[in-house]
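Please examine the backbone of the chain shown below, with attention to its loops. The paragraphs that follow lead through selected residues in turn.

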Amino acid sequence: LLSPPGKAVRVRSLRVQDTAAESGHAGQRIALALSGIEKSQIERGQWLVTPALHAPLRRFDARIRVLSGQPPLKHWTPVHLHLGAEDVPARISLLGADEIAPGGEHWAQISVDRDIGALAGDRFILRDATARHTIAGGVVLDIFPPSRKKSSTERLAMLAALADPDPAGALRHAAEQQAAGVDLTTHALNRNLDSATLAALCRQLNLKIVGTTAFAPSRWQALEIRLLAALAAEHERAPDLTGVERDRLRRLTLPILSRPAFDALLAAPLADGRIAQTNAWLHLPEHRVQLAAADRDLWLTLKPLLDAQPCNPPRVRDVARATGVGEDSVRALFKRIARHGDAWPVAPDHYFTAAAVAVLARTVATLNQRDGCARAAPLRDEIGGGRKVAIHILEFFDRIGYTRRVRDTHILRGSPEQ
């Protein structure tokens, strides 16, 4: 690809140092004969890259050093950026400082006026807005900078980690800084690492790999401690609840932790018995909630009404009318049963048994497997209820994190067992 335009081209031949050759490398003068593009479409500063490395950018984080004898470099100063053969107007956004003194250096985010190519480790020169005086130089650190909290203490520590020129050191420091792990795809692209080199670095550093995310061993251990502490704190806060739903426990542990990473984190404590699961609830093994004898007896009396139509059970008022039990008493009991994990409030005053919810969850998973998503009409046809009930069921699964809504469809998150 010709980058940044993203134009596909074919290399017909190449010459190295004015001699026909099959390959060339850094430090050589190389001429490429291209087809599929006009000469007028090629501009100074563009790159030729394999498609996987096409990552045009408008901003990047860097470390800047101001030349001695130059005025202090202030925040949002307009400059000319010279990177490789590129010359583009830019603005300097200082991170955690108001200015950089002459001879000093600091972190900055550089915003350019048009798409350019850059990689971590690339060196650049900054000239003033008139392009007459060289005022500073620097090195690219991150071509995927965050849009929020870019001057936070954590982000500045991350930039310090990325400033390590050694690939192993940079990856180790980055993994130690990032509680939610390092995205290996963007990290490899940022530092121009091939898959073999990246895999070797991960093995050398003994990183925990979940999908395309890498965790430092110390961070993974700290996450497990946070997971167990979050569960214990929730038991203390709500001792009458059976436990915590999986997605809520993920948010309590670390909101920015991906679902695949959380599932991997949860797997070990579940396997060795440090965390137990009752229906959809996660809890510590020693945590027990017992129903009062009166509640248990009344529940055994009312539950057959819900079991009779598991996918469209009667609402609270209908149960009260059919049994003669006060509506407020039925509502209060169902709330306590829901806390115990034997029923779910799918809609206001509309409770489904845990077994019915499990069947409905499998039905939604089957629809996703068959149609790529779940919709109200197909679900209604599967369960034999009304459209309104089907909508409430799908909205309930969105609410608890089993599915996510995309327009009028509902897409499964993770695997059906989760």
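**Backbone features and an exposed arginine**

Asp-18 is located in the loop that connects strand 2 with strand 3 (19-21). The coordinates discussed here belong to a predicted model. Within that loop, Asp-18 adopts a positive phi of about 65°, although it is not a glycine.

Asn-206 is placed in the loop between helix 4 (195-205) and strand 15 (208-210). Is Asn-206 buried or exposed? Asn-206 counts as exposed because its relative accessibility is 57%, and the cut-off for that class is over 50%.

The loop between strand 1 (2-3) and strand 2 contains Pro-4. The peptide bond that joins Ser-3 and Pro-4 is cis, with omega about 10°. As a general rule, most peptide bonds are trans.

Strand 2 itself, spanning residues 10-16, includes Arg-12. The relative accessible area of Arg-12 is 60%, so this residue is classed as exposed. Which residues does Arg-12 touch, leaving aside those up to four places away in sequence? Its contacts are Ala-33, Leu-34 and Ser-35. Arg-248 lies 236 residues from Arg-12 along the chain, and the C-alpha atoms of the two are separated by 56 Å.

Methods:
Residues numbered from 1 in each chain as written. Predicted model: local features only at pLDDT ≥ 70, side-chain atom pairs only at ≥ 80, totals over all residues. Heavy atoms only, no water. Helix = DSSP H or I, 4+ residues; strand = E, 2+ residues; numbered from the N terminus. Buried < 20%, exposed > 50% of the residue type's maximum accessible area, 1.4 Å probe, protein only. Contact = heavy atoms within 4.5 Å.
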